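Here are my notes on the model you sent over.

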Amino acid sequence: MKTSVKATLIAIAVAVVLLIAGIVFAISQRAATPEPPADGERLQTTRTDSHVLDQGGPDAVTVVEFLDFECEACGAFYPIVEELRATYAGDITYVVRYFPLPGHINSTQAALAAEAAAQQDRFEDMYHRLFETQAQWGEGAEETPEVFRTFAQELGLEMDAYDAAIADPATLQRVESDKADGERLGVSSTPSFFIDGTAVELQEWDDLEQAIEKAVNG
């Protein structure tokens, strides 16, 4: 077997192992499934300003993810989510909400970058960039807003507007309002998923897919 072919096969094998390890890590790091409010009140999982990645048809199932861009478990679920979005295109409305965790130094800065990009209708572009580069900036010892500013430049955002959005207290308030909603829903870890307002219990790697399939197909 040629060396180049061997190298390619080894690279593929390593990628598969890393993906499986990431999925296992994601499941192992999940805390208990969010519980409904103690008084049984059904709280809303979306708002009119929530970021919708995919808008389904009139009968679409609404899937909401509370995420932390620095969370390794969210990073492990990212390719799974992307595959599900493609598989159920048109059948689901996929909504993303911020839930930066205090143990992640750059989680709020990343959310601010995403929200600043959203103000220029580029939320999804920044969403992808943050997850695709998570290994480069995640788990740092200090905040690195300059890293996210570089991403904004690479995406071709208008930088004066980006800087103004980052500095505007309203941008942080927007991020914090998502987290406050999540806390009221019982979210304490990421990623946390809701389907049509009901929390998804994650025990196995394919639980999210099965929950979506069940909701879509009745």
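The points below go from the overall layout to the core, the rings and a few single residues.

1. Overall layout. Keep in mind that this is a predicted model. The protein chain has 9 helices and 5 strands, and from the N terminus on the order is α-β-β-α-β-α-α-α-α-α-α-β-β-α. Of its 218 residues, 45% count as buried. If you take contacts between residues at least 6 apart in sequence, 82% of them join residues at least 24 apart. The chain exposes about 11,100 Å², with carbon and sulfur atoms supplying 53% of that area.

2. The main core. Which residues have the most contacts inside the largest nonpolar core? They are Phe69, Met126, Tyr127 and Leu130, in a set of 47 residues. Helix 3 gives the most to this core, with 8 residues. Apart from it there is another core, of 8 residues, which includes Phe66, Val95, Leu101 and Phe194.

3. Methionine 126. Setting aside neighbours within four places in sequence, methionine 126 is in contact with Ala113, Ala114, Ala117, Phe148, Phe151, Ala152, Leu155 and Leu157. Three of these names come back in the next point, on helix 6.

4. Helix 6. In this helix (residues 145-154), the buried residues are Phe148, Phe151 and Ala152. They sit on the same side of helix 6 because they cover an arc of only 100° around the axis. Just after helix 6, glycine 156 takes a positive phi of about 80°.

5. Aromatic pairs. The count comes to 12 aromatic pairs. One of them, phenylalanine 69 with phenylalanine 131, is tilted, at 5.2 Å centre to centre and 50° between the planes. This pair links distant parts of the chain, 62 residues apart: phenylalanine 69 is in the loop between strand 2 (61-67) and helix 2 (72-87), while phenylalanine 131 is in helix 4. Phenylalanine 69 counts as buried because its relative accessibility is 1%, and phenylalanine 131 is buried too, with a relative accessible area of 8%.

6. A second pair to check. Phenylalanine 77 and phenylalanine 193 are also tilted, with 5.7 Å centre to centre and 55° between the planes. Here the link runs from helix 2, which holds phenylalanine 77, to strand 4 (residues 192-195), which holds phenylalanine 193, 116 residues apart. Both phenylalanine 77 and phenylalanine 193 are buried.

7. Ring cluster and a charge. Ring pairs link Phe69, Tyr78, Tyr98, Phe123, Tyr127 and Phe131 into a cluster. Elsewhere on the list of ring features, lysine 179 lies over the face of phenylalanine 99, at 5.4 Å from the ring centre.

8. Glutamate 70. Is this residue buried or exposed? Glutamate 70 counts as buried, because its relative accessibility is 1%, where the cut-off is under 20%. Its place is the loop between strand 2 and helix 2. Not counting residues up to four places away in sequence, glutamate 70 touches His104, Ile105, Asn106, Ser107, Gln134, Trp137, Gly138, Glu139 and Gly140. From glutamate 70 to glycine 103 the C-alpha to C-alpha distance is 9.7 Å, and they are 33 residues apart in sequence.

Notes: Residues are numbered from 1 along each chain as its sequence is written. This is a predicted model: local features need pLDDT of at least 70, side-chain atom pairs count only at pLDDT 80 or more; totals for chains, interfaces and linings use all residues. Side-chain values use heavy atoms; hydrogens and water are left out. Buried means under 20% relative accessible area, exposed over 50%, partly exposed in between (1.4 Å probe, protein chains only). Helices (H or I, at least four residues) and strands (E, at least two) are DSSP runs, numbered from the N terminus. The arc is that of the directions from the helix axis to the C-beta atoms. A nonpolar core is a set of buried Ala, Val, Leu, Ile, Met, Phe, Trp, Tyr and Cys residues joined through side-chain atoms within 4.5 Å. Contact means heavy atoms within 4.5 Å. Rings of Phe, Tyr and Trp (its six-membered ring) pair if their centres lie within 6.5 Å; planes under 30 degrees apart count as stacked, over 60 as edge-to-face and the rest as tilted. A charge sits over a ring if NZ of Lys or CZ of Arg is within 6 Å of the ring centre and within 35 degrees of the ring normal. Accessible areas come from the Shrake-Rupley method with a 1.4 Å probe; for residues, only the protein chains shown count as cover.
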